[in-house]
Amino acid sequence: MAKKTSPVNKSVKKVLPGDKGVSINKPSVNSSKVKLAKEVFNAARKPTSKGYIQESIAPRSISIEQELSQRAAELAIISSVEAGLASRLDMQAIYDLVGDKIREIFGAQAVIINSYDHSTQLQHYNYVIEKNKRSYPDPKPFSGMARQMIAERQVVLINDNLERRGPEFGLYLIPGDTDWAKSAVWVPLIAGKVVSGLISLQNMDRENAFSESDVRLLQTLANSMSVALENARLFDEVQKRNEEITDSLEQETATSDILRVIASSPTDIEPVLNVISEHTLRLCDATISAVYLTDGEMLKMTAVRGFNEEAMQVIQHGYPRPLDRTGGYSARTILDQAIVQVVDIQSDPDAPQIARDIAKAQGWRSALFVPLLREGRAIGAIGAARHQAGPFSDKQINLLRIFADQAVIAIENVRLFNELKKRNNEITETLEQQTATGEILRVIASSPTDIQPVLDVIAERAVKLCDASF
């Protein structure tokens with residue numbers, strides 16, 4: 001049964017939760033003992049005809065020995081469940097384990113385990129089974145029962161007249177259901193001070209199906225499950241944080257490595273492009289990577305990594321090539337000055353032929369191309385591709401943007417260095433020419449009657465300034 005918001009039925013008795021925080025670090029229990037415990041437990045279950053905890057409770061009709069046997073059976077079942085929980089750190093595995101155990105222990109035809117997302121006010125159906133049929137409903141806004149659990153933090157038991165009392169709690173039939181349950185119990189899952197969800201058992205055949213011992217055992221299992229879920233949640237958070245730290249460290253290491261190569265190669269761009277291509281291959285989980293450069297007319301492919309021999313033959317025959325829209329996805333990236341992402345080249349009717357040829361030879365399906373932009377003009381692109389279809393993540397796109405910016409810095413450094421070197425050479429040559437001219441004029445002035453010293457200095461300067469042998 002699903003739920004909707006509705007006033008609370010004041011005639012239904014609520015039961016306060018039992019002790020919280022049951023340890024899950026229990027030793028495993030022998031299966032034969034657990035089976036025997038279940039038999040003892042089921043034999044001792046004696047629901048009253050009037051439902052659970054009415055205003056007046058009939059005198060207890062079981063002996064101390066029966067009570068002790070029943071409690072021992074409950075403990076054996078709890079230990080069995082907790083031993084299974086202790087070995088699981090996956091949240092869905094915990095939901096499945098507890099849901100299956102509850103069905104086995106209580107013989108309930110319907111078991112529902114929900115979790116609450118307080119930030120979105122949605123309840124998620126983590127385990128729903130009715131009459132041996134598992135279903136997976138979509139998340140829904142908090143229902144009346146959910147709000148009841150969150151506000152009161154109490155067990156709710158309706159052991160009779162559920163069809164009449166249910167709507168007052170906001171309960172209604174899930175689409176596809178045909179009958180109301182005859183009796184049901186709802187137990188909150190509490191983590192710290194927060195109600196994180198609920199467990200619901202429903203019997204479709206008879207009223208007064210759930211006894212005091214059922215509720216007590218279910219509360220204990222709910223407490224154990226809450227602890228296990230909280231452990232799993234914390235474990236997931238730690239794992240996620242560790243992955244984020246590892247990714248950040250790898251990115252920072254790659255960036256530092258590229259900057260180091262830029263600093264050590266101010267006149268040569270190839271080492272920089274090679275290290276960028278290598279880090280692109282690794283951090284983008286790519287199969288192949290390459291850097292593309294253009295002078296505005298021709299497009300060349302360099303710093304290639306991961307290509308097989310057949311693909312390299314296609315590249316050698318296909319590049320350099322004119323910079324136009326037939327030049328592959330890299331050419332489109334440069335011409336449009338925009339990121340191009342290929343989710344699956346096999347389903348792209350507009351894929352360039354050169355890209356199809358390389359994809360066929362190499363076996364790649366998805367690719368990402370980021371332009372190298374300098375002063376509003378694209379001077380190249382970085383590309384990465386992999387065998388499986390699917391988009392690259394935002395993190396990988398941002399990383400490739402960083403690499404593209406670093407490639408532009410390296411290219412600009414080399415360009416400026418070469419321009420400065422050329423300018424210095426021009427200035428040096430001009431100065432040497434002026435010095436030579438001045439020296440020749442000095443010799444002419446000092447040898448008005450002798451031409452030989454003048455011819456000698458002219459010959460010497462000619463050899464030096466023209467890089468001549470004689």
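**Close-up views of a predicted model**

View 1. Strand β9 (residues 183–191) is joined to β10 by nine bridges, and the two run antiparallel. Helices (H or I, at least four residues) and strands (E, at least two) are DSSP runs numbered from the N terminus, and two strands pair if DSSP finds at least two bridges between them. The model is predicted: local features need pLDDT of at least 70, side-chain atom pairs count only at pLDDT 80 or more, and totals for chains, interfaces and linings use all residues. Residues are numbered from 1 along each chain as its sequence is written, and side-chain values use heavy atoms, with hydrogens and water left out. Within β10, Ile199 is the bridge partner of Val187 and also of Ile113. Strand β3 (residues 110–117) runs antiparallel to β10, with six bridges joining them. In the hairpin of β9 and β10, two residues lie between the strands, and Gly192 takes a positive phi near 70°. Of the ten residues of β10 (194–203), eight are buried (under 20% relative accessible area, with exposed over 50% and partly exposed in between; 1.4 Å probe, protein chains only).

**View 2. The six-stranded open sheet.** The strand order is β13-β12-β11-β16-β15-β14, with antiparallel pairing. β13 (321–322) and β14 (340–342) are the edge strands, each pairing on one side only. β12 (residues 298–305) and β13 pair over two bridges; Met298 has Pro322 of β13 as its bridge partner.

**View 3. The largest nonpolar core.** A nonpolar core is a set of buried Ala, Val, Leu, Ile, Met, Phe, Trp, Tyr and Cys residues joined through side-chain atoms within 4.5 Å. Of the 30 residues in this largest core, Val272, Ile276, Leu372, Ile382 and Phe403 touch the most other members. Helix α11 gives the most to the core, with ten residues. Leaving aside neighbours within four places in sequence, Ile382 is in contact (heavy atoms within 4.5 Å) with residues including Ile276, Leu372, Leu400 and Phe403. Another core, of 29 residues, lies apart from it and includes Ile102, Phe106, Val187 and Ala228.

**View 4. Packing of helices α11 and α12.** Helix α11 (residues 394–446) packs against α12 (residues 452–465) at an angle of about 170°, with the axes 9 Å apart. Axes are lines fitted to C-alpha atoms, for helices over the stretch in contact, and angles run from 0 to 180 degrees between N-to-C directions. The angle makes α11 roughly antiparallel to α12 (over 145 degrees; under 35 counts as roughly parallel, 65 to 115 as roughly perpendicular and the rest as oblique). Among the contact residues are Ala436 and Ile440 of α11 and Val457 and Arg461 of α12.
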